[in-house]
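Let's walk through this structure together, one step at a time. Keep the picture open as you read.

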Amino acid sequence: MVAQALADRSSQEPVVSETTLKIILAGVLSYWGTIALTYPVTNYDSQVYNLARLLIAAKSGFWQTSSWNSVRQVMFPWAYDAVHFPFLALGYGFALPSFACLLGTLATIYCLVSSGWGQSAALWSCLTVVAMPTIVLQATATKNDLAVVFALGCWLYACDRYNRTRKRVYVFFKALSLAFAVGSKTSALPLCAACTLITLYLLRREARALLFLSAAYVPLLCLFGSVETYALSYRCFH
């Protein structure tokens with residue numbers, strides 16, 4: 001009887017339809033997207049070093065250490081902060097890159113979850129993410145934590161796609177994702193180091209893929225890894 005009841009229950013329509021879930025998700029994202037577009041960023045980090053450091057560097061040069069007014073402007077990586085420079089010049093929409101990171105993270109979650117557990121589970125997973133206040137705060141400011149999450153999500157998606165297709169382009173995306181995460185926030189260093197080791201382990205039997213990864217990863221780290229930030233920090237503080 002219990003088995004029959006469970007079977008009957010599983011055959012019923014879900015309590016909330018997928019169409020309803022899509023409408024709710026679209027409504028929530030529309031609301032927060034409007035906030036990200038129209039509201040100014042007011043948190044301390046956004047004003048002091050995410051945006052202000054760009055104005056200082058544009059006026060005085062990156063290596064003009066006497067112009068910095070906060071240690072955060074010197075010691076933290078700035079690859080993701082640089083994305084905001086066009087919006088800083090425009091004077092509008094500073095939070096749009098972070099909101100784009102939220103949308104990208106949700107797209108990654110949807111693709112990964114729906115392929116294994118269906119569309120309904122994927123929609124519920126996305127709604128769970130946007131129900132987290134800290135995530136929404138990140139998506140309506142310029143803080144770089146969400147950028148790291150998005151980059152690591154791209155790495156995970158690239159790993160999944162490469163495992164399915166064996167296309168070399170996904171090896172490049174692995175390297176690009178990790179390099180950009182390193183250049184976005186110092187706390188991403190241990191995470192990216194672990195992901196790099198995992199990547200090397202997964203490719204251990206593919207010599208050509210490993211060679212391609214190395215050839216792509218090193219230049220991308222130099223380009224997006226904000227390595228010059230560490231040199232500037234040593235120059236200022238030893």
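**Charged partners**

At 28% relative accessibility, R72 counts as partly exposed; buried means under 20% relative accessible area, exposed over 50%, and partly exposed in between (1.4 Å probe, protein chains only). This is a predicted model, in which local features need pLDDT of at least 70 and side-chain atom pairs count only at pLDDT 80 or more, while totals for chains, interfaces and linings use all residues. Residues are numbered from 1 along each chain as its sequence is written, and side-chain values use heavy atoms, leaving out hydrogens and water.

Now find the partner of R72: its side chain meets that of D45 in a salt bridge, 2.7 Å from N to O (a side-chain nitrogen of Lys or Arg within 4 Å of a carboxyl oxygen of Asp or Glu). The pair links distant parts of the chain, with R72 in helix α4 (residues 71-75) and D45 in helix α3 (residues 44-60), 27 residues apart. Helices are DSSP runs (H or I, at least four residues), numbered from the N terminus. D45 is buried, at a relative accessible area of 13%.

D45 also meets K143 in a salt bridge, at 2.6 Å from N to O. K143 sits in the loop between α9 (133-139) and α10 (145-165), so its pairing with D45 in helix α3 ties together parts that are 98 residues apart in sequence. K143 counts as buried too, at 16% relative accessibility. Step back, and you will see D45, R72, K143, D145 and K185 linked in a network of salt bridges.

Conventions
Helix = DSSP H or I, 4+ residues; strand = E, 2+ residues; numbered from the N terminus.
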